[in-house]
Amino acid sequence: MIEFEKALELIIENCRTMPEIELPIHECLGYICAEDLYAKLDMPPFDKSSMDGFAFKWAEERNEYINDGIIPAGKPSDEPLEEGHCIAIMTGAPLPFGADTVIPVEITEKEGENIIFTHPAKKCANVSYKAEDITKDSLILTKGSMIRTQDIALIVASGYSKVKVYSLPEIAILNTGSEIIEPGLPLDYGQIYNSNGTMLSVMAQNIGINAEYLGIAADDEKSLTTMLSIGLKNDILLISGGVSMGELDLVPKVLLSLGVKQIFHKVRIKPGKPVFFGKTDKCLVFGLPGNPLSNFVGFELFVKTAVRKMTGSEIVFPDFREVIISSQFKHRADRKNFYPATCNNDDGKIIVTPVISHGSADISSLSKANCFMIADLDKPVYTPGDKITFLEI
Ligand code: AMP
Ligand code: MG
């Protein structure tokens, strides 16, 4: 059995980096940038009006200007504006040569050919200057950062229609257990539904990956050999069940017979202790213990770390943070204990409260949780106000 930190280290050491691909920006969401992106142009590319109003050259005391017509957005005027004149300008239209200020239309009135300002205009107001937002050649996104919804406009405005990103690993999911039945089918006594299959698929979707679902293998060597060998053709194979100590927990044995190199089996964590990690040249193999909470924890901690590393993310480790616990928490774990909890923000401080649970097979506690709190094996009692590590989910 190895410590949790060692397990993360071994996973990271054994990940290869996925190939770079070029994607159109609208397909890039959630991918990791494989290049530093520099702005190809200034933004705005010209001095422009930030209001619908009138452009003019500001002059002390003057509040009446001769109206020379209109500049629509996208149609720059090539005539310089004379002093004492103004021109109607739309938001986003280039400021005409000779003008330095825009007065919003709301504080003007028309009087014949002239525009009267009903309130004084502030010099240089309502102009967005060339490059005030983004300067040409400045770094807009670094290699290794995740492309988020809020980055898309910046990338496009800076002159890109495609971006180099790291491709995502192909993931296959295999559930094992002769008692496991697909959702929607009738259950006989002794059988349960395959909640792990759907849950793992959705967890993969959540990180942008459409995993291939391979189905359920029975707890026998023949069934496991056939299905595991199909799964090993992927970049990552996720297996649920069959990795514990029972006589019919045959997954590690069959994996080894198929040429998988074991990197670890068993980590000092709760839940999820019997987790298996191995690899072939192409495939990383995660054998997650069957109970759904163990599956969830295994994916959050180990699989996501591997995917982040493989896709070149600058952030690789899970985002553990120190927070405050609200109530007393006693645990007898001789392992690092990942406990379903709820967190809320109390005046800027994050406070966590453990969800009442009946142990690691308790699926309803997971549904009530929005984070895990992580109790250390050398601290059996936490009192309200103590610091504790947490991980948002
Ligand atoms: P195992 O790791 O195979 O010993 O399974 C541990 C527990 O998780 C057993 O109670 C199994 O019935 C349950 N389990 C295994 N696979 C699944 C699954 N795909 N969906 C829901 N529960 C499962
Ligand atoms: Mg089983």
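This is a predicted model: local features need pLDDT of at least 70, side-chain atom pairs count only at pLDDT 80 or more; totals for chains, interfaces and linings use all residues.

Tutor: Happy to! A disulfide is a covalent bond between the sulfur atoms of two cysteines. To count as one here, two cysteine sulfurs must be within 2.5 Å, and by that rule there are 0 disulfides. Take Cys 33: the nearest cysteine sulfur belongs to Cys 28 and is 7.7 Å away, so with a limit of 2.5 Å Cys 33 is in no disulfide. Cys 33 has 0% relative accessibility, which means that it counts as buried. Now turn to Cys 371, which is in no disulfide either, with the sulfur of Cys 343 as its nearest, 4.1 Å away. Cys 371 is buried too, because its relative accessibility is 0%.

Next come the charged side chains. Side chains of opposite charge can pair when their charged atoms come close. The structure holds 14 salt bridges. One of them joins Asp 235 to Lys 282, with 3.0 Å between the closest N and O atoms. Asp 235 sits in the loop between helix H4 (221-231) and strand E17 (236-240), while Lys 282 sits in the loop between strand E20 (276-279) and strand E21 (284-288), so this pair ties together parts that are 47 residues apart in sequence. Look at how the two partners are placed: Asp 235 is buried at 5% relative accessibility, whereas Lys 282 is partly exposed at 38%.

A second salt bridge runs between Asp 376 and Lys 336, whose closest N and O atoms are 3.3 Å apart. This pair also links distant parts of the chain: Asp 376 is in the loop between strand E26 (371-375) and strand E27 (381-382), Lys 336 is in strand E24 (residues 336-346), and 40 residues separate them. Asp 376 is partly exposed at 30% relative accessibility, but Lys 336 is buried at 15%. Glu 5 joins in as well, as Glu 5, Lys 336 and Asp 376 are linked in a network of salt bridges. Elsewhere, Asp 319 and Arg 321 meet in a salt bridge with an N to O distance of 3.6 Å. Asp 319 is partly exposed at 47% relative accessibility, and so is Arg 321 at 34%.

An open sheet of 6 strands runs in the order E7-E4-E6-E5-E9-E8, and its pairing is mixed. Strand E7 (101-104) and strand E8 (108-111) are at the edges; each has a single partner strand, so one side of each has no neighbour in the sheet. On average, neighbouring strands here are turned by 40° against each other, direction ignored. Inside this sheet, strand E5 (residues 64-71) and strand E6 (residues 85-89) pair in the parallel sense over 4 bridges, and Ile 71 has Ile 89 in E6 as its bridge partner.

Finally, step back to the whole chain, with its 7 helices and 28 strands. Its radius of gyration is 30 Å, well over the 21 Å that the globule rule gives for 393 residues, so the chain is more spread out than a compact globule. Along the principal axes, the C-alpha atoms fill a box of roughly 95 × 50 × 40 Å. Of the 393 residues, 48% are buried. Among contacts between residues at least 6 apart in sequence, 70% join residues at least 24 apart.

Technical notes: Residues are numbered from 1 along each chain as its sequence is written. Chains are lettered from A and ligands numbered from 1 in the order in which they are written. Side-chain values use heavy atoms; hydrogens and water are left out. Buried means under 20% relative accessible area, exposed over 50%, partly exposed in between (1.4 Å probe, protein chains only). Two strands pair if DSSP finds at least two bridges between them. Helices (H or I, at least four residues) and strands (E, at least two) are DSSP runs, numbered from the N terminus. Axes are lines fitted to C-alpha atoms, for helices over the stretch in contact, and angles run from 0 to 180 degrees between N-to-C directions. A salt bridge is a side-chain nitrogen of Lys or Arg within 4 Å of a carboxyl oxygen of Asp or Glu. The radius of gyration is taken over C-alpha atoms; the globule rule is 2.2 Å times the number of residues to the power 0.38. Contact means heavy atoms within 4.5 Å.
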